Amino acid sequence: MSAILWFWHKVFGAVLGPDNGFAWALSVFFLVFSLRVVLLKPAISQLRAGRKMAKFAPQIQKLREKYKGDRQRMAQEMQKLQSEHGVNPLGGCLPALLQIPVFLSLFHVLQNFHPGAESNYIFDRAGVESFINADIFGAKLGNWITQPADQLALFGTDRTSMMIVGIPLMLIASVATFFTMRLSVKKQTDAAMANPQSAMMAKFMMYIAPVGAIISGWFLPIAVLLYWLANNVWTLGQQHFLTKKIDREQEREKAKEIEAKKAAPRPKPGQKPVRAEAKNGEEEAEPAAATTGGAKPAGGNQAGGANGQRPGNRPGGKKNQPKNRPGKQAASAKKGKKRR
């Protein structure tokens, strides 16, 4: 962190002056931007993984309902489903987890900028004095509002100057955090928000995170507030552009699927689909008919087949046999006599 901060201070310090507070503020901003560029690829993978999970969200809901009483089995089935679709649930946490050591490292570097220090990691004595002498409207970048007055005086500032700069930064950072969380909630899928716990947690974080920015701003150095603000500004822009990028990718995939369906062969209008099993059955029946040759077998069952069946494969051959009905035969005989 100190090396990246040193590089950007050399760039902006050459333009604005090494002891200029805005040169150091821009150095902090571009420190954030440099790190977020490195995390850009994991962020894209995170967004793509979220879109993939949205496709099989109904299956996840079914698993939750099916294994509601067995959490271990449900976790196994969920992991199996995610592996089948090539989704890593931990991939979405990677960008956020990598920012934690960055934040702690920057905080540690800023704490080591104090009067009389010979060096601070890659910064030499001149770099330390440059940071201590820099200020924004009288507020020192390495100090915070609730710091004791004697320590503030040691750095050449006071609480009033720190509040004039720190409070607006806290408010701006809080508003940026709110819009970042709000955009994140809007991008959640309907299936994810259908879960009452997920919806409640998302809304809770959307309002509690900005409040946390205001409360913690009283105890954080001004440079850390600048880091927080720059991080939220980058996140807003990144979500906007990456969402459009993924939307275009999905539109192209849908267009390819539609073209593939159109190119697939279809039966003509009114044509019935021919089953392969029916064709095979007809082909097997034709050779059987050819071998019998229509010859009548000897014995009492003259019209029957080899197994006492009619050619239509109906047992007993009852289809074409006349029925023995004496009353009907007598009535037909009387009609014949009258005609004569």
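Threonine 235 is in contact (heavy atoms within 4.5 Å) with Arg36 and Thr180, once its neighbours within four places in sequence are left aside. The model is a predicted one, in which local features need pLDDT of at least 70 and side-chain atom pairs count only at pLDDT 80 or more, while totals for chains, interfaces and linings use all residues. Residues are numbered from 1 along each chain as its sequence is written, and side-chain values use heavy atoms, with hydrogens and water left out.

Threonine 235 lies in helix 12, where helices (H or I, at least four residues) and strands (E, at least two) are DSSP runs numbered from the N terminus. With a relative accessible area of 13%, threonine 235 is buried, the classes being buried for under 20% relative accessible area, exposed for over 50% and partly exposed in between, with a 1.4 Å probe and protein chains only.

Two packed helices are described by the angle between their axes and the distance between the axes. Helix 12 (residues 222-263) packs against helix 2 at an angle of about 45 degrees, and the two axes are 9 Å apart; axes are lines fitted to C-alpha atoms, for helices over the stretch in contact, and angles run from 0 to 180 degrees between N-to-C directions. Helix 2 and helix 12 are therefore oblique to each other, given that angles under 35 degrees count as roughly parallel, over 145 as roughly antiparallel, 65 to 115 as roughly perpendicular and the rest as oblique. The crossing in which helix 2 passes helix 12 is right-handed, a term that applies if the near helix is turned clockwise from the far one by less than a right angle, and left-handed if anticlockwise. On the side of helix 2 the contact is made by Ala25, Val28, Phe29, Val32, Phe33, Arg36 and Val37, and on the side of helix 12 by Ala223, Leu226, Tyr227, Leu229, Ala230, Asn231, Trp234, Thr235 and Gln238.

One aromatic cluster is formed by Phe7, Trp8, Phe12, Phe29, Phe30, Phe33 and Trp234. In total the structure holds 15 aromatic pairs, a pair being two rings of Phe, Tyr or Trp (its six-membered ring) with centres within 6.5 Å, and planes under 30 degrees apart count as stacked, over 60 as edge-to-face and the rest as tilted. The ring centres of tryptophan 24 and phenylalanine 113 are 6.1 Å apart and their planes stand at 75 degrees, so this pair is edge-to-face. The pair links distant parts of the chain, 89 residues apart, with tryptophan 24 in helix 2 (residues 21-38) and phenylalanine 113 in the loop between helix 6 (94-111) and helix 7. Tryptophan 24 is buried at a relative accessible area of 1%, and phenylalanine 113 is buried at 3%. Another pair consists of phenylalanine 178 and tyrosine 207, whose ring centres are 5.8 Å apart with planes at 45 degrees, so the pair is tilted. Phenylalanine 178 in helix 9 (residues 159-186) and tyrosine 207 in helix 11 (residues 196-216) are 29 residues apart, and their pair likewise links distant parts of the chain. Phenylalanine 178 counts as partly exposed at 23% relative accessibility, whereas tyrosine 207 is exposed, with a relative accessible area of 51%.

The structure holds two salt bridges, each defined as a side-chain nitrogen of Lys or Arg within 4 Å of a carboxyl oxygen of Asp or Glu. Arginine 125 bridges to glutamate 118, with the closest N and O atoms 3.0 Å apart, and to glutamate 129, with the closest N and O atoms 3.2 Å apart. Glutamate 118 is exposed at a relative accessible area of 54%, while arginine 125 is partly exposed at 35% and glutamate 129 partly exposed at 38%.

Most residues other than glycine have a negative phi, and most peptide bonds are trans. Tyrosine 121, although not a glycine, has a positive phi of about 55 degrees; its place is in the loop between helix 6 and helix 7, and tyrosine 121 is exposed, with a relative accessible area of 52%. Phenylalanine 137 is also not a glycine and has a positive phi of about 55 degrees. Phenylalanine 137 is found in the loop between strand 1 (135-136) and strand 2 (139-140), and is exposed at a relative accessible area of 65%.
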